[in-house]
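Hello,

Here is the structure you are taking over. My notes on it follow below.

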Amino acid sequence: MDEKSSKNSEKPINWQELKELAILLYDYSEKFFAIASASEQDVEKRHMEFVNKHGKVISDLYQHLKQAAVIPPVVEEEVRPSVIPVLDQPSTRKIENEYSSKQRLPPSPSEIKSTAMPSNVPPAKEILPDQSAILPAANSSAGPPAVVPRLMTPVILFQLRNARQSQPFDEKFIVSPVEPEVHLVAVDIPANLGLRWEPGTLRVQGVPMVSGEHPIDLKYHVSKDKSAPIQRARVTLFVNPDPKLLWENKPSDRTLPHWKVDELCEARQVTSKYIVAARKRGRSHAHVGSCCDDDFFIETLVHDDDEQHIAIVADGAGSASEARLGSKLAVEAAGAELKALLTGAEDRTRNIQQAVQTQSAEQLTNVLRFLLGRAAHAAMVALNNEARKRPEPAKALKALSTTLLIGLSCKVGAQWLCAAYWIGDGAAGVLLPDGKVKLLGEPDSGEYSGQTRFLDSSAVTPDELHGRIRHCLVEDYKAFILMTDGVSDPKFETEALLAHGEAWQALWAELEDQVQLAQRDADVAKRLLAWLDFWSPGNHDDRTIALIY
């Protein structure tokens, strides 16, 4: 006996592991014979299920037994470093006649009195590669020998990273263990999935259109030799659903009291500036078929060389039962009042011009407080009048709760005056040509997330008007933007960002690109409405925005 054989013989044989391997292979063989009469497709499917489930276990156990010198040298020369069960193709009819499905397994370790190989097992040199690695004694009580799969080619495991529905996918199969000799012969991908295999590579590309778990069947060989045995594997690709597609879009019930259209857009074009606004029902409302609670009002006034632009947005309280009516009453009343003040016999625009020309800050503040204060007061009166029609006015007034942002832009000579009244959340700001922003107020935030303040009688007192009306006088501006929190929350993640010009620049750049604002054509309002459908995780409220630019 040479030195190598001497060392191998000193290593103990782990009969328990050997038995477990035999049981596993026997079990697989028995199941195969039980279904051998099934269709070829069914047999192949069950074969792949077994390989995916047990292939690595068999491979690891084989390596362990090989190191323990259980595998005879002659087999070691023929069998590759790892194993995979491969189906023999015996005659099914013959097997059914000769063997029953209740065959006994090889003897357990307790039945073996010595750690040496049983005397009735043929010598290692007589065991051929196409026979079972474990055979019971020819004259033992174990019954007829169980036919088990040959040990042939390496176990190759394939994986694909998860995909996301409706998002581009371009990934390679992850092969384990790393095997540079793996060559894919065919990849069967479900036809409706939207993915394709690039022949000659390990890459899968496309845009998955269906979420869920999708089986992908592979055929491959582990040699450059095209005549090498073809192996099969199955990969399950997990496609995460597109969150947008999980939301339903149910039309609102037209029979509901104070029903309003689910979306609306308008535009006004004049010589110097263009004004456009849009509102869109949020996904949270569309999913259940309820109405939009937002509303807006826009108007442009031109006479001689003067221009005045009015933009108002409001967000009815989500917890208020008649919020959609409250926001509608507020914007219409405030808009009508402000328009009347600027075009009436008193012609309040002259007061603005005088204040600017004399550079009287106090006079200008008083004029704006009068104009915007009267508009806010008119909105409050409209809500009170509606509430008084109900049996419980106080309760009805709360049901009409809404925020309110009133914007006014006036051309005064070579300058522009921008002013706003602001109560509640949302945002109103003027983006300047140099990228800086003039914030015309502060959002009202409560103790808890999502809390804010709504228009009430205390919000239109002289003291409140003094703090809630702000203005700026500039040579020109890129955009005067007013928005409800359905837009400001996703675009300004914190209130602190409202004061940073960078965040406003980013918003404006997105609008210019996706809405094509520079065109100022008849469809700009429709494009702005479509933009309001942008996706932002966790932000599904109604959205309203008004732009003067």
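A salt bridge is a side-chain nitrogen of Lys or Arg within 4 Å of a carboxyl oxygen of Asp or Glu. Please keep in mind that this is a predicted model.

By that definition, the structure holds 25 salt bridges. In one of them, the side chains of Arg390 and Glu322 meet at 2.4 Å, N to O. Arg390 lies in the loop between α10 and α11 and Glu322 in the loop between β15 and α8, so this pair ties together parts that are 68 residues apart in sequence. Arg390 is partly exposed at 22% relative accessibility, while Glu322 is buried at 15%.

Another salt bridge joins Lys273 and Asp476, with 2.9 Å between the closest N and O atoms. Lys273 sits in the loop between β12 and β13 and Asp476 in the loop between β20 and β21, so the linked parts are 203 residues apart in sequence. Lys273 counts as buried, with a relative accessibility of 5%; Asp476 is partly exposed at 36%.

There is also a network of salt bridges that links Asp444, Arg453, Asp456, Glu464 and Arg468.

Now the sheet. Five strands, in the order β14-β15-β16-β17-β20, form an open sheet with antiparallel pairing. Strands β14 and β20 stand at the edges with a single partner strand each, so one side of each has no neighbour in the sheet. Helix α9 (residues 349-357) packs on this sheet and touches β14, β15, β16, β17 and β20. The direction of α9 makes about 65 degrees with that of β16. Strands β17 and β20 are joined by six bridges, and Trp416 stands opposite Val474 in β20.

Regards

Key:
Residues numbered from 1 in each chain as written. Predicted model: local features only at pLDDT ≥ 70, side-chain atom pairs only at ≥ 80, totals over all residues. Heavy atoms only, no water. Pairing = 2+ DSSP bridges. Helix = DSSP H or I, 4+ residues; strand = E, 2+ residues; numbered from the N terminus. Contact = heavy atoms within 4.5 Å. Axes fitted to C-alpha atoms, helices over the stretch in contact; angles between N-to-C directions. Buried < 20%, exposed > 50% of the residue type's maximum accessible area, 1.4 Å probe, protein only.
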